[in-house]
Amino acid sequence: QVQLLESGGGSVQGGGSLRLSCVASGDIVTSRCMGWFRQVPGKEREGVAFIDSDSSTGYAEFVKGRFTISKDNAKNTLLLQMNSLKPEDTAMYYCAAVIWAVHCGSNWRKENTYKYWGQGTQVTVSS
């Protein structure tokens with residue numbers, strides 16, 4: 001059973017930075033498509049960024065140039081570096097992993113592309 005555990009959330013002022021981590025059980029970070037999502041109450045979960053097994057990446061337009069997704073294969077850890085944070089980035093952030101695919105593909109933004117989810121870590125950005 002795959003387990004994902006996020007950490008690194010917190011409260012920060014606008015313009016600040018945070019780095020989220022997601023530790024995965026097993027070696028899925030090296031071998032599968034993984035992604036970061038976020039959700040605010042009353043809204044659907046939205047895709048933020050993805051990374052393929054070969055470290056190809058993609059981002060939602062609203063975080064391009066500010067967020068960077070990466071992974072530490074040796075530590076089975078997925079990362080999300082968030083810079084120039086804005087109040088609208090306030091949300092619960094989740095990491096997710098697919099069952100077996102090495103590439104995320106064009107459906108990377110869709111929740112049902114992913115099988116495994118962490119419990120989330122809260123990010124709050126004040127103005």
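Asn76 lies in the loop that runs between strand S7 (67-72) and strand S8 (77-82), where helices (H or I, at least four residues) and strands (E, at least two) are DSSP runs numbered from the N terminus. This is a predicted model, in which local features need pLDDT of at least 70 and side-chain atom pairs count only at pLDDT 80 or more, while totals for chains, interfaces and linings use all residues. Residues are numbered from 1 along each chain as its sequence is written, and side-chain values use heavy atoms, with hydrogens and water left out.

Contact here means heavy atoms within 4.5 Å. Leaving aside neighbours within four places in sequence, Asn76 is in contact with Cys22, Val23, Ala24, Gly26, Asp27 and Val29.

**The chain as a whole**

The secondary structure amounts to one helix and eleven strands, and along the sequence these follow the pattern β-β-β-α-β-β-β-β-β-β-β-β. For 127 residues, a compact globule would have a radius of gyration near 14 Å, and the 13 Å of the chain agrees with this; the radius is taken over C-alpha atoms, and the globule rule is 2.2 Å times the number of residues to the power 0.38. Along the principal axes, the C-alpha atoms fill a box of roughly 40 × 25 × 25 Å. Among contacts between residues at least 6 apart in sequence, 61% join residues at least 24 apart.

**Two residues between S4 and S5**

Arg45 is found in the loop between strand S4 (34-39) and strand S5 (46-51), and Pro41 also has its place in the loop between S4 and S5. Buried means under 20% relative accessible area, exposed over 50%, and partly exposed in between (1.4 Å probe, protein chains only). Arg45 counts as buried because its relative accessibility is 18%, whereas Pro41, with a relative accessible area of 81%, is exposed. Of the 127 residues of the chain, 45% count as buried.

Not counting residues up to four places away in sequence, Arg45 touches Phe37, Arg38, Gln39, Tyr94, Glu111 and Trp117. With Gln39 there is also a side-chain to side-chain polar contact at 3.4 Å, a polar contact being a pair of N or O atoms within 3.5 Å, of which, within protein, one must be able to donate a hydrogen and the other to accept it, and residues adjacent in sequence count only if both atoms are side-chain atoms.

**C-alpha distances**

| Pair | Separation in sequence | C-alpha distance |
|---|---|---|
| Asn76 and Val29 | 47 residues | 5.4 Å |
| Pro41 and Met92 | 51 residues | 8.8 Å |
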